Each structure stands twice: as structure tokens, then as C-alpha cells.
Amino acid sequence: MDILQILLISVGLAADAFAVSVVKGLSVKNISVKDAIKLALCFGTFQGIMPLIGYLLGSAFEKIIVNVDHYVAFVLLGFIGIKMIVESNNEEENNSDLSIKNILLLGVATSIDALAVGIAYACAYGSNNAILTFTVIAIITFILSMIGVKIGSKFGSKYDKVAQIIGGIILILLGTNILLEHLKIL
């Protein structure tokens, strides 16, 4: 996986966290820098840890699925991407609760997709740049979450849906790219 692919998958996975950060920026009046950092740090940490967990699960079953790995990656990334696009149309309540419990729940909720990406990564790429990839995912998520809070507090809610749609499209394209590379079409 090259650096462009790592950046694209990072942005794609960070889209949910970005969208939630925008909503938090909108719903919490005068959000403090400390609260924005807590939110972004939680999101970044979970986005880095969940693909690692998925990767470890995927690696454990590598011998079983080596012949279908590209299909698994394609299906998982495609499913996640489609799910993100569909969910972009769901109206959710703005929740102004920034308790540790709420932030942790949001961190888990926004990173479930990253678990599946970790499994897909293990199937498609093995150990090639895994730690670098998961670290970049965490850092990009942190940065985009901080930006999301700022955008939410300044500009309104129109960006959250767009971010999820773009993230979904990126994941679908990456899944397609993995399939086409393994089938020797690219």
C-alpha cells in the first residue's frame, strides 16, 4: 500500500468522526479547546486501535482466506462505504453531552468500520506498512476531528453529510482497487 492509498483510507475512515465532530461543534455552545482535544483524541485513538484489532483477527485467519482475500477486502470496504453513504441521509439528534462516557461511546461508534478495515487490510496487504497505516489513520482522524469541531462551531451542519458521502466513496474505490489489483486488471 503506497502513501496515497494510506492517506485516502485514513480520510475515508475519519469521515464518520469528522461528521460527529461537526455535530458536536454545532450542538455544544462555546466548546472549549480542552473538550475539542478530548473528543479528537478519543476518536483518533479508537480509529488507530480498531483496525489493529481487526488486523490481528484477519492475520489469525490468513491461511484460511488467502485465496479469497481480495474478495473479502472488496466486500468489506464496499459494504462500509455504502453504509456510510446510506447513513449520511439519516437525521440524528444533536447531542450536546461531552461526558467521558458519551465521548467514549462516540469513539467506539465511529470506529466500528475501522475494525472491518483492519480485517480487510490483513487479507489484502499482510504486514506491509500495517503499523504506519494505523498510525496515520489515528493522526488524520485526530486532525479532521479538531477541524470538524471548529467547522461545526463556525459554519453549520451542511458538511457532515458531504463528509460521510465522500468517505463512503473513497472506501468503495479502495475496495474496488484492491479487487482489480489482485485480479491483475490494474
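Modeller: Start with burial: a residue is buried under 20% relative accessible area, exposed over 50%, and partly exposed in between, using a 1.4 Å probe and protein chains only. By that rule, 49% of the 186 residues of the chain count as buried. This is a predicted model, where local features need pLDDT of at least 70 and side-chain atom pairs count only at pLDDT 80 or more, while totals for chains, interfaces and linings use all residues. Residues are numbered from 1 along each chain as its sequence is written, and side-chain values use heavy atoms, with hydrogens and water left out.

Colleague: Why is Cys42 called buried?

Modeller: Its relative accessibility is 9%. The limit is under 20%, so Cys42 counts as buried. Cys123 is buried too, with a relative accessible area of 7%.

Colleague: How do you know how many disulfides the structure has?

Modeller: A disulfide is a covalent bond between the sulfur atoms of two cysteines. The test asks for a pair of cysteine sulfur atoms within 2.5 Å. Searching the whole structure gives zero disulfides.

Colleague: What makes up the secondary structure of the chain?

Modeller: Seven helices and zero strands. From the N terminus on, the order is α-α-α-α-α-α-α. Helices are DSSP runs of H or I with at least four residues, strands are runs of E with at least two, and both are numbered from the N terminus.

Colleague: What makes H1 mostly covered?

Modeller: Of its 25 residues, 19 are buried. Helix H1 covers residues 3-27 and reaches 35 Å from its first C-alpha to its last, close to the 36 Å expected. The expected span is 1.5 Å times one less than the number of residues.

Colleague: Where does H1 bend, and by how much?

Modeller: At Ala15, by about 40°. The bend is the angle between axes fitted to the seven residues ending at a residue and the seven starting there. H5 also bends by about 40°, at Ser111. H5 has 26 residues and reaches 35 Å, close to the 38 Å expected.

Colleague: How do H2 and H5 pack?

Modeller: Helix H2 (residues 33-60) and helix H5 (residues 100-125) pack at an angle of about 35°, with axes 6 Å apart. Axes are lines fitted to C-alpha atoms, for helices over the stretch in contact, and angles run from 0 to 180 degrees between N-to-C directions. Their contact holds 20 nonpolar residues, eight polar and one charged. Nonpolar means Ala, Val, Leu, Ile, Met, Phe, Trp, Tyr, Cys and Pro; charged means Asp, Glu, Lys and Arg; the others, Gly among them, are polar.

Colleague: What makes the phi of Asn129 worth a note?

Modeller: Most residues other than glycine have a negative phi. Asn129 is not glycine, yet its phi is positive, near 60°. Asn129 sits in the loop between H5 and helix H6 (130-155). Lys184 also has a positive phi, about 65°, without being a glycine. Lys184 lies in the segment after H7.

Colleague: Why is Lys184 called exposed, and what is Asn129 called?

Modeller: Lys184 has a relative accessible area of 71%. The exposed class begins over 50%, so Lys184 is exposed. Asn129 has 32%, so Asn129 is partly exposed. Glu181, in helix H7 (residues 158-182), has 32% relative accessibility and also counts as partly exposed.
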